Amino acid sequence: MAVEDTQPLISHLIELRKRLLNSMIAVLVIFLALVYFANDIYQVVSAPLIKHMPLGSTMIATDVASPFFTPIKLTIYVSVFLAAPVILYQIWAFIAPALYKHERKMVMPLLFSSTLLFYIGIAFAYFVVFPLAFGFLTKTAPIGVVVSTDITKYLDFVMSLFMAFGVAFEVPVAIILLCWMGVTTPESLKQKRPYILVGAFVVGMLLTPPDVFSQTLLAVPMYCLFEVGVFFSRFYVGKGRNGDEDDESEPEETRSEKEQ
């Protein structure tokens, strides 16, 4: 009996290893394709800051190995970002057998929309937030202070912003899921609008650098996306998993166990 109980666990672990391996291969393939252009990629990412730096000022490297390793590190990040659809699909393929039929129909659109919103958040940070934030920050330097940012610290700075905006733009998906599972309702969320607005600015303060431009540019889109999520969530209220599903809607794993 104990051996039979361990068989499903072993099969799940084998499947998990397969999905993790596929995700790692996808990241590795993209990385190998991009690593030759590592310096060019870093130049593109650093362009918003370099454009606003004082005439004659350049970025610096305070560590001996950072001119080599920093672009490589950025290329790894870019590879993971570009491989996000493959990684999300592997996650979907792993959990799909445990989902009901109507849940499987729901997951794929959510995976697509969450990936798209994540990329939109990154693009918004690069094309909108960076020019405004760097234009402000480089002009606030005291007289006699030359703005020369270290390339490693700049990478850490922009990656934190990319992640902050990418995750923040997932708000509509999170709201739809909460309403779909019955955790909350659109009516309840509408009543909490003032608190959500304040919370958006608090999140903007925590996730962005200590300047009012970055905080506002994260908080305002978050609140707008909250309204988008509330609007669309009304179509998914109460449609989550319940106890009266028929046999055809049961998870594949459950049906296979019954057939055995």
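**Figure 1. A salt bridge joins D156 and K73.** In this predicted model, the side chains of D156 and K73 meet in a salt bridge, with 3.4 Å from N to O. D156 belongs to helix α6 and K73 to helix α3 (residues 66–82), so this pair ties together parts of the chain that are 83 residues apart in sequence. How accessible is D156? D156 has a relative accessibility of 39%, so it counts as partly exposed. K73 comes out at 32% and is likewise counted as partly exposed.

**Figure 2. A salt bridge joins E227 and R193.** Here the view moves to the side chains of E227 and R193, which meet in a salt bridge at 2.9 Å, N to O. E227 sits in helix α10 (residues 212–233) and R193 in helix α9, so the contact ties together parts that lie 34 residues apart in sequence. With a relative accessible area of 23%, E227 is partly exposed. R193, at 31% relative accessibility, is also partly exposed.

**Figure 3. R19 and E15 pair within helix α1.** What separates the two along helix α1 (residues 2–34)? R19 and E15 are four residues apart, so about one helical turn lies between them. Is R19 buried or exposed? R19 is buried, because its relative accessible area is 15%, and the cut-off for buried is under 20%. E15 has 24% relative accessibility and therefore counts as partly exposed. The structure's count of salt bridges comes to three.

**Figure 4. F124 and F169 form a tilted aromatic pair.** The structure holds 15 aromatic pairs. In the pair of F124 and F169, the ring centres are 5.6 Å apart and the planes stand at 45 degrees, so the pair is tilted. F124 lies in helix α5 (residues 101–139), while F169 lies in the loop between α6 (151–168) and α7 (171–180), so the pair ties together parts that are 45 residues apart in sequence. F124 is partly exposed at 22% relative accessibility, whereas F169 is buried at 7%.

**Figure 5. F130 and F134 pair along helix α5.** F130 and F134 form another tilted aromatic pair, with 5.3 Å from centre to centre and 35 degrees between the planes. Both residues lie in helix α5, four residues apart, or about one turn of the helix. F130 and F134 are both buried.

Figure 6. V198, V202, M205, L206 and L207 make a nonpolar surface patch of about 470 Å². L207 has its place in helix α9, which covers residues 193–207. How accessible is L207? L207 counts as partly exposed, with 39% relative accessibility. For the chain, the accessible surface comes to about 15,500 Å², and carbon and sulfur atoms account for 70% of that area.

Figure 7. The unreviewed UniProt entry annotates "transmembrane region" over residues 20–38, 74–95, 116–137, 157–183, 195–212 and 218–237. Residues 20–38 are 84% helix and 0% strand, and the end C-alpha atoms of this span lie 25 Å apart. Residues 116–137 are 100% helix and 0% strand, with their end C-alpha atoms 30 Å apart.

**Figure 8. The chain in overview is built from helices.** How many helices does the chain have? The chain has 11 helices and zero strands. Of the 260 residues in the chain, 38% are buried. Among contacts in the chain with a separation of 6 or more, 84% are between residues 24 or more positions apart.

How values were computed:
Residues are numbered from 1 along each chain as its sequence is written. This is a predicted model: local features need pLDDT of at least 70, side-chain atom pairs count only at pLDDT 80 or more; totals for chains, interfaces and linings use all residues. Side-chain values use heavy atoms; hydrogens and water are left out. Buried means under 20% relative accessible area, exposed over 50%, partly exposed in between (1.4 Å probe, protein chains only). Contact means heavy atoms within 4.5 Å. Accessible areas come from the Shrake-Rupley method with a 1.4 Å probe; for residues, only the protein chains shown count as cover. Patches are made of residues with over 30% relative accessible area and no salt bridge: like charges are joined within 9 Å, nonpolar side chains (Val, Leu, Ile, Met, Phe, Trp, Tyr) within 5 Å. A salt bridge is a side-chain nitrogen of Lys or Arg within 4 Å of a carboxyl oxygen of Asp or Glu. UniProt positions are given in the numbering used here, feature names are shortened, and annotations may be inferred rather than shown by experiment. Rings of Phe, Tyr and Trp (its six-membered ring) pair if their centres lie within 6.5 Å; planes under 30 degrees apart count as stacked, over 60 as edge-to-face and the rest as tilted.
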